Amino acid sequence: MQLFFSAGLILVVVLWGIFSPQTLGTAFNTVLASITRNFGWFYLWVVLALVIFALFLAFSRYGNLKLGAEDDEPEFSIGAWFAMLFAAGMGIGLVFWGVAEPVSHYVTAPPGIQPITPEAANAALRYSFFHWALHPWAVYSVVALAIAFFQYRRKGAALVSTSTSALPWRPVQRMSGVFNVLAVIATAFGVAASLGMGALQINSGLETVFGLPVDTTAQVGIIVVTTALFVASSVTGVTRGIKWLSTFNMMVAAFLTLMVFLLGPTVAIINTLTNTLGAYLSDFVRMSLRMTPFRESGWVGEWTVFYWAWWISWSPFVGLFIARVSHGRTIREFIVGTVIAPSLTAFVWFSVFGGTALHMEIWQGIPISEAVKADVSTALFTMFDAMPLGLLMSLIATVLVLVFFVTSGDSATMVLGIMSTNGNPNPSAKVKIVWGTLIAGIAVSLLLAGGLQAVQTATIVFALPFTIVILLMVLSLWRAIREDWREEQRKERELRRQIRQIVSK
């Protein structure tokens, strides 16, 4: 029933975007304006609370609880585990925005900062760290932890609704089916947003390397081809296609980062990382709760609120996928691996790519900002054009985006299959094909309805209701963790008592 209801609703939106793209774009934009104006503060408070909650659990007495039985061991090595969760979480986005976002903030600075100044450059990288590090990964981590905890410790189904089962309130239990439908819809549109951006950047990369024209026809063709690839990969399962592709992509990303670091302004990159990390930590709370009540500015809504909605919309998908590959890890190990480690990776990524781009823009006069204004998907390749071995790096980056596209898509089809078949950990190939086709349809529909702007708008609109579900998951998880911790303490006391009795005899 959940499969038909959620898939049917998504199909309605897809057909709307194909046959009447203008009205779809107008409708989403109207809703977006209302959400940004009235609920931006809500996104900020919720995401900051998730950061605090995740860090508290990691370093509290509850961190030793295991996601599973006490003698369960992790299914995957740390390297493979990190590669899969990172590829599913934000692989395409980092490649797409690694250059484009810092340069965008430099020329269109946050409120109160003069654009195209040293202060704007510093703020550009500080906000890039802010948008891609602790906050998004805390959203993913808490949702994933809730799903994994109830799945592996309480032996529940791999569903969002199972993660609210510790709450005694009858209305919440009655709404459990709605929670699953919201999770499916948020996932489908969140993944489609990422795939839409991936198609734009693959198109730009193919134009740079092979001269393929940048237009909607090419982007639709890219989505169709890559959809066939990720559906085929998804059918092979987690332990083969997804694991191998994720590991391969992490190695390619590391190699490309090393190339830019060595061929770019190496010392300036190190200085950028040092300076920006200090500023990020210093301004952490201020950025986390920043609104502009006394200034006419849409910057916070266009960037921070959009990102928080984007991460929330992705959280059921990434959360369920991370939960699927995290059996046997402790809560502390889980949060360090899903919050701290990816944040450090994001710091390095933006320092290398964003720092290099800003250095070229400011000190070498390379017009990367002009490329961002014309088409954000071309920013990375414009930077490569001005570097040694630029064509080779453009080719590597295109392959990187392509494989990230496939890893995100195959993970999403598997997760959507699980969620729409009452938590079946091995959904049929037919179900995966249905979801792969629908995801591709959403991406095509939204691109036709207005390109990247329509993709972003839809993401924010469909993320809002799921934010309430996340809060309920947090309350349920907190309740269950305390119960299980008290039970563990009781067992330990009983064991010590038995040992004392044996020794005293």
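Here are legends for a few close-up views of this predicted model.

In this predicted model, local features need pLDDT of at least 70 and side-chain atom pairs count only at pLDDT 80 or more, while totals for chains, interfaces and linings use all residues. Residues are numbered from 1 along each chain as its sequence is written, and side-chain values use heavy atoms, with hydrogens and water left out.

**View 1. Confidence across the protein.** The average pLDDT (the predictor's confidence in each residue, from 0 to 100) is 85, and 93% of the residues score at least 70. Helices here are DSSP runs (H or I, at least four residues), numbered from the N terminus.

**View 2. Glu-488 in helix α18.** Look for Glu-488 within residues 451-504, the stretch that makes up α18. Its relative accessibility is 15%, so it counts as buried (under 20% relative accessible area, with a 1.4 Å probe and protein chains only). Beyond neighbours within four places in sequence, Glu-488 is in contact (heavy atoms within 4.5 Å) with Leu-65, Glu-70 and Arg-153.

**View 3. Helix α4, mostly covered.** Of the 15 residues in α4, 12 are buried, including Arg-126, Tyr-127, His-131 and Trp-132.

**View 4. Val-231 in helix α8.** Val-231 belongs to α8 (residues 216-236) and is buried, at 12% relative accessible area. Setting aside neighbours within four places in sequence, Val-231 touches Ile-433 and Gly-436. Gly-409 is 178 residues away along the chain, yet its C-alpha atom is 7.4 Å from that of Val-231.

Notes
Helix = DSSP H or I, 4+ residues; strand = E, 2+ residues; numbered from the N terminus. Buried < 20%, exposed > 50% of the residue type's maximum accessible area, 1.4 Å probe, protein only.
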